[in-house]
Amino acid sequence: MQAITLRAFSLTLGALRHGDSSGEPVLALHGWMDNAESFTPLAAHLAEFDTVALDLPGHGHSSHLPDGCHYHLLDNVAYVLAAADALGWPRFNLVAHSLGACIAPFVAAVAPERVTRLIMLDGIGPPTEAADALPARLQRSVEHTIESRQRLTRIYARVEDAVSARLTATKMARSSAELIVRRSLKETEGGFTWRFDPKIRLPSPSYLSEPQVQACFEAVRCPALLMLAEAGVPHVRAHAEARLGWLQRGVMHRLDGDHHVHMDDPEPVAAALRKFILHSAA
């Protein structure tokens, strides 16, 4: 594994590179509050591929956005394509978990000539809501943004304390949480604090509508695989069948496990991913 940095416009994106640099290119996008380490267990079983796991903006070792800016979901599309440009990849496979799987279908929709295959791990596009929900959502977002100026960043005496805090919010193996948390921490006076941008916790000022998501899914041209965790996120299971039907070449593979099954039990995930990449015609 090699730690690298990539330029995406004015941002620096941290990343971890695994496997064979001459192999099939795989760009990996992690979930919300996670980072590039979330693909380390999986990449260990995919040594024949050239896998680059990004830290999305505001996460891991990547740049933070300036104060007053929001982390809009669709802005990540340009950052992902800029990262692929920095790697010199005209075409690549896209593997994405959770938040990453909210972003990845839009990347495939706007750059169909570049994304050869789309693999989504317990995620299939973003949550949506009706247009008339916007005023209340925007009000809540603005209020939280203003209030966030007074919030203090928590300090943990030990790394283990931060891992325990993460496990209270997410059901996953402790070893998986440790990988993510260690990359998310930095030393400070009195112990450790989070490296990620606190603004990524702010509520979004707007959501897309379901027809907008449908239009983008219908624009995806490449083969697409949804790996659905049986004990994963309810939102994903609720939307899986309908949204999979919007994809021109979409298939589903069910997995036993929780939302972070690709970390907790990576071998069956890697086997299904390898089969899909090697045997589905781009």
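Visitor: Which residues of helix α10 are buried?
Guide: In this predicted model, the buried residues of α10 are Pro266, Val269, Ala270, Ala272, Leu273, Phe276 and Ile277.

Visitor: And how are they arranged around the helix axis?
Guide: Viewed down the axis of α10, the buried residues fall within an arc of 165°, so they line one face of the helix. As background, an α-helix has 3.6 residues a turn, so residues three or four places apart point the same way.

Visitor: What does the face turned away from the buried side carry?
Guide: That face of α10 carries the exposed residues Glu267, Lys275, Leu278 and His279.

Visitor: How far does α10 reach?
Guide: Helix α10 covers residues 266-279, which is 14 residues. From its first C-alpha to its last it reaches 20 Å, close to the 20 Å expected at 1.5 Å a residue.

Visitor: Let us turn to α5. Which of its residues are buried?
Guide: Helix α5, residues 159-169, has Val159, Ala162, Val163 and Arg166 buried. Down the axis of α5, these buried residues fall within an arc of 100°, so they line one face of the helix.

Visitor: What covers them?
Guide: The cover over the buried residues of α5 includes strand β7 (155-156), helix α6 (174-184), and strands β8 (185-188) and β9 (191-194).

Visitor: Now the pair α7 and α8. At what angle do their axes cross?
Guide: The axes of α7 (residues 210-218) and α8 (residues 234-246) cross at roughly 45° and come within 8 Å. That angle makes α7 oblique to α8.

Visitor: Which residues meet there?
Guide: From α7, Glu210, Val213, Gln214, Phe217 and Glu218 meet His239, Arg243 and Trp246 of α8. By class, this contact has three nonpolar, two polar and three charged residues.

Visitor: A new topic: is threonine 51 buried or exposed?
Guide: Threonine 51 counts as buried, because its relative accessibility is 4% and buried means under 20%. Threonine 51 sits in strand β4 (residues 50-54). Setting aside residues up to four places away in sequence, threonine 51 touches Leu16, Arg17, His18 and Val26.

Visitor: Where does glutamate 24 lie?
Guide: Glutamate 24 is in the loop between β2 (11-19) and β3 (25-29). Glutamate 24 is partly exposed, with a relative accessible area of 32%.

Visitor: What is glutamate 24 in contact with?
Guide: Leaving out neighbours within four places in sequence, glutamate 24 is in contact with Glu48, Phe49, Asp50, Asn93, Thr116, Arg117 and Ile277. Ile277 is also one of the buried residues of α10.

Definitions and conventions:
Residues numbered from 1 in each chain as written. Predicted model: local features only at pLDDT ≥ 70, side-chain atom pairs only at ≥ 80, totals over all residues. Heavy atoms only, no water. Axes fitted to C-alpha atoms, helices over the stretch in contact; angles between N-to-C directions. Helix = DSSP H or I, 4+ residues; strand = E, 2+ residues; numbered from the N terminus. Parallel < 35°, antiparallel > 145°, perpendicular 65-115°, else oblique. Contact = heavy atoms within 4.5 Å. Nonpolar A, V, L, I, M, F, W, Y, C, P; charged D, E, K, R; others polar. Expected span 1.5 Å × (residues − 1). Buried < 20%, exposed > 50% of the residue type's maximum accessible area, 1.4 Å probe, protein only. Arc of directions from axis to C-beta.
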